[in-house]
Amino acid sequence: MNIQLRALRPSDAAAMQLLFCAAINAIDQSLYSSAEKQAWIGPQPKDWCTLLTAEKGLGLFCGSQLLGFIIYQPQGYLNCLYTDPAYQGQGIASELHRAFLSALKANKVEQVWVEASLAAEPVFRHWGYKAIKRQHIERAGEFLTNSVMVKAPV
């Protein structure tokens, strides 16, 4: 498999939306109900193009197929990290996370943080993040639980 890491472009928005929806819908029902997943996805497609103009994004591709992506702020906030469910457990998220950390080291960022879903929390813990608080975010009448997690040093 020929995997390529590259910066995300506005032309990737449709693939990002499809992967985002598939990844959320693949989360175990014991963590988030169908109603919670639909609230998370939202009634409209995410505006990935606007997000990419405000933040940095990297994607892992096999040819033209998007396998996973990460969006972050150069100051150390990891906004989102999603992997195509068909490729989960194959190191896609780890490779994206390493690229994220490398970019931040170059900017001398000392601490990173993420609001990790219940599904992602064990992965971030494995990468050395510590949960500092649990929060309940309201979306479309549903309350989604996540954890604010930090990692230092980068």
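This is a predicted model: local features need pLDDT of at least 70, side-chain atom pairs count only at pLDDT 80 or more; totals for chains, interfaces and linings use all residues.
Asn-146 is buried, with a relative accessible area of 12%; buried here means under 20% relative accessible area, exposed means over 50%, and partly exposed lies in between, for a 1.4 Å probe and protein chains only. Residues are numbered from 1 along each chain as its sequence is written, and side-chain values use heavy atoms, with hydrogens and water left out.

Asn-146 belongs to strand E7, residues 142-151. Helices (H or I, at least four residues) and strands (E, at least two) are DSSP runs, numbered from the N terminus. If neighbours within four places in sequence are set aside, Asn-146 is in contact with Glu-115, Ala-116, Ser-117, Lys-133, Arg-134, Gln-135 and Ile-137. Contact means heavy atoms within 4.5 Å.

Let me turn to helix H4, residues 92-106. Does its length agree or disagree with what its 15 residues should span? At 1.5 Å a residue the helix should span 21 Å, and its end C-alpha atoms are 22 Å apart, which agrees. The expected span is 1.5 Å times one less than the number of residues. The buried residues of H4 are Ile-92, Ala-93, Leu-96, His-97, Ala-99, Phe-100, Leu-101 and Leu-104. In general, an α-helix has 3.6 residues a turn, so residues three or four places apart point the same way.

His-97 lies in H4 and counts as buried because its relative accessibility is 4%. Beyond its neighbours within four places in sequence, His-97 is in contact with Ile-70, Leu-78, Phe-124, Trp-127 and Tyr-129. On the same terms, Phe-100 is in contact with Leu-58, Ile-70, Tyr-72, Gly-76, Leu-78, Val-112 and Tyr-129.

These contacts lead to the nonpolar cores. A nonpolar core is a set of buried Ala, Val, Leu, Ile, Met, Phe, Trp, Tyr and Cys residues joined through side-chain atoms within 4.5 Å. The largest has 24 residues, of which Leu-78, Leu-81, Phe-100, Val-112, Phe-124 and Tyr-129 touch the most other members. Two or more residues come from each of strand E2 (56-62), strand E3 (65-72), strand E4 (77-83), H4 and strand E5 (112-117). Which element gives the largest share of this core? That element is H4, with seven residues. A second, separate core of 21 residues includes Cys-21, Ile-24, Trp-48 and Leu-66.

Next, the aromatic rings. Rings of Phe, Tyr and Trp (its six-membered ring) pair if their centres lie within 6.5 Å; planes under 30 degrees apart count as stacked, over 60 as edge-to-face and the rest as tilted. By this rule there are nine aromatic pairs. Phe-20 and Trp-48 form an edge-to-face pair, because their ring centres are 5.3 Å apart and their planes stand at 75 degrees. This pair links distant parts of the chain, with Phe-20 in helix H1 and Trp-48 in helix H3 (residues 48-54), 28 residues apart. Phe-20 is buried at a relative accessible area of 2%, and Trp-48 is buried at 4%. Phe-124 and Tyr-129 are also edge-to-face, since their centres are 5.0 Å apart and their planes at 80 degrees. Both Phe-124 and Tyr-129 are buried.

On the cysteines I can be brief. How many disulfides does a search of the whole structure find? The search finds zero, a disulfide being a pair of cysteine sulfur atoms within 2.5 Å. For Cys-49, the nearest cysteine sulfur is that of Cys-80, 14 Å away. The sulfur of Cys-80 is 12 Å from the closest cysteine sulfur, in Cys-21, and is therefore too far for a bond. Cys-49 is partly exposed, with a relative accessible area of 30%, whereas Cys-80 is buried at 8%.

I close with the backbone. Most residues other than glycine have a negative phi, and most peptide bonds are trans. Lys-108, which is not a glycine, has a positive phi of about 60 degrees; Lys-108 lies in the loop between H4 and E5 and is exposed at 69%. Ala-140 likewise has a positive phi, near 50 degrees. Ala-140 is in the loop between strand E6 (130-139) and E7, and is exposed at 67%. Finally, a cis peptide bond joins Ala-152 and Pro-153, with omega about -10 degrees, and Pro-153 lies in the segment after E7.
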